[in-house]
Amino acid sequence: MNSLDLRSQTILPSYAGVHNKKKGLWSPASNISPDSWLDASDDSNYSVNGSQEITSITDKSGSTTFTVDGSPVVELDNLNNLNTFLFDGNESLISAFNISWSNNGNHWAVGVFQWITVDNTKDSFFSAEGTRTYAVSSASNSSWDGEIDYDGSNSISTGIAKNDFTVSISSNTWVIISIVFNKSGNQIFGRLNGIRRTDIDPYSNSMDAVTDLRLMRQRSNKKLNGRMAEFFHVAGIPGTGGTDISDVEKAEGYLAHKWGLTTILDVNHPYKSSAPSN
């Protein structure tokens with residue numbers, strides 16, 4: 001398994017703090033309808049105490065609420081001069097019950113994450129609790145050799161328990177991770193830094209109702225020591241229909257340019273050189 005070592009990331013100060021304000025640029029607020037959206041760079045959506053510990057947080061999509069589990073910390077001006085969230089392995093963010101997770105089975109999610117330490121107990125960047133849900137997990141003591149975990153016997157893809165990533169992620173390395181459950185196109189797959197890095201599995205059984213979304217935490221409540229910059233998910237198709245994933249590609253481009261991560265995007269990504277526009 002290859003390893004994604006992204007320490008050569010280039011920081012792009014021109015996007016720091018102003019990406020969403022630039023006229024004509026694509027953003028989750030104006031171009032899609034996210035069903036959850038947490039953004040460490042937007043300090044108007046969370047409160048901290050004198051130690052920069054998060055005391056409350058608001059979902060920017062307005063679709064749900066989140067509980068702060070433990071005391072994750074805001075790291076000021078950490079990535080591209082933007083704030084990030086640090087989780088020490090005993091902390092997580094959990095949504096309210098009955099979050100909107102899919103629409104006729106269609107769902108996609110994308111975020112900017114980093115792990116610091118892992119063990120072999122299914123460390124997850126994010127997961128959803130319920131029946132026939134999934135988790136983005138790893139089960140290694142030394143690297144993030146990830147998988148899309150299809151919930152065992154409740155498998156979303158018939159006869160398949162998980163979909164492994166074909167590359168691993170190195171410690172302390174920022175990554176853009178995208179997960180696509182496209183019922184209309186009969187496809188399930190994962191992407192790292194704007195390129196598919198899993199198999200394309202058939203989408204056999206639609207996801208059932210989800211009770212909650214968990215960030216930096218898996219479904220058995222094991223928590224991850226790492227960082228998160230931004231995350232959002234959409235209960236809908238990933239593009240215009242069929243196997244089109246143009247919305248996912250635009251979201252990846254938005255995140256890469258906002259967070260100064262364009263150098264890690266795949267060389268053939270449509271938004272490597274310029275941010276997506278409306």
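This is a predicted model: local features need pLDDT of at least 70, side-chain atom pairs count only at pLDDT 80 or more; totals for chains, interfaces and linings use all residues.
An open sheet of seven strands is found in the model, with the order S5-S8-S18-S10-S11-S12-S13 and with antiparallel pairing. The edges of this sheet are formed by S5 and by strand S13 (162–164), each of which pairs on one side only. On average, and with direction ignored, neighbouring strands of the sheet are turned by 25° against each other. In general, the strands of a sheet pair through backbone hydrogen bonds, and the pairing is either parallel or antiparallel.

Within this sheet, strand S10 (residues 123–130) runs antiparallel to S11, and four bridges join the two strands. Serine 124 stands opposite serine 137 in S11. The hairpin made by S10 and S11 has four residues between the strands, and in this hairpin arginine 132 takes a positive phi near 60°. S10 is also joined to S18 by five bridges, again in an antiparallel arrangement, and here phenylalanine 126 stands opposite leucine 215 in S18. S11, in turn, pairs with strand S12 (residues 147–149) in the antiparallel sense over three bridges, with serine 137 standing opposite glutamate 147 in S12.

The packing of nonpolar residues was examined next. In soluble globular proteins, nonpolar side chains tend to be buried together. The largest nonpolar core of the model has 44 residues, and those with the most contacts inside it are Phe125, Phe126, Tyr134, Ile177 and Phe181. Strand S15 (residues 175–182) contributes the largest share of this core, namely four residues. Another core, of 25 residues, lies apart from it and includes Ile32, Ala251, Leu255 and Leu265. When neighbours within four places in sequence are left aside, phenylalanine 125 is in contact with a set of residues that includes Phe113, Trp115, Val136, Trp144, Ile169, Ile177, Leu215, Met216 and Leu224, and also Gln114, Arg214 and Arg217.

Histidine 107 is placed in strand S9 (residues 107–117). Its relative accessible area is 0%, and histidine 107 is therefore classed as buried. The side chain of histidine 107 makes a polar contact of 2.7 Å with the side chain of tyrosine 134, a residue that is among those with the most contacts inside the largest nonpolar core. A polar atom of the side chain of histidine 107 also lies 2.8 Å from the backbone oxygen of tryptophan 101. If residues up to four places away in sequence are not counted, histidine 107 touches several residues, among them Trp101, Tyr134, Ile179, Phe181, Met207, His233 and Gly236.

Salt bridges were considered last, and the count comes to 13. One of these joins lysine 223 and aspartate 69, with the closest N and O atoms 2.8 Å apart. This pair links distant parts of the chain, as lysine 223 belongs to the loop between strand S18 (210–215) and strand S19 (225–234), whereas aspartate 69 belongs to strand S5 (residues 66–69), 154 residues apart. Lysine 223 and aspartate 69 are both buried.

A salt bridge is also formed by the side chains of arginine 191 and glutamate 252, at 2.8 Å from N to O. Here too the pair links distant parts of the chain, with arginine 191 in strand S16 (residues 187–192) and glutamate 252 in helix H2 (residues 246–258), 61 residues apart. Arginine 191 counts as buried because its relative accessible area is 7%, and glutamate 252 counts as buried because its relative accessibility is 0%. Salt bridges that share partners also join Asp39, Asp42, Lys60, Glu230 and Lys258 into one network.

In a further salt bridge, the side chains of lysine 162 and aspartate 164 meet at 3.7 Å, N to O. Lysine 162 is partly exposed, because its relative accessible area is 39%, and aspartate 164, at 39% relative accessibility, likewise counts as partly exposed.

Terms used: Residues are numbered from 1 along each chain as its sequence is written. Side-chain values use heavy atoms; hydrogens and water are left out. A nonpolar core is a set of buried Ala, Val, Leu, Ile, Met, Phe, Trp, Tyr and Cys residues joined through side-chain atoms within 4.5 Å. Buried means under 20% relative accessible area, exposed over 50%, partly exposed in between (1.4 Å probe, protein chains only). Contact means heavy atoms within 4.5 Å. A polar contact is a pair of N or O atoms within 3.5 Å; within protein, one must be able to donate a hydrogen and the other to accept it, and residues adjacent in sequence count only if both atoms are side-chain atoms. A salt bridge is a side-chain nitrogen of Lys or Arg within 4 Å of a carboxyl oxygen of Asp or Glu. Two strands pair if DSSP finds at least two bridges between them. Axes are lines fitted to C-alpha atoms, for helices over the stretch in contact, and angles run from 0 to 180 degrees between N-to-C directions.
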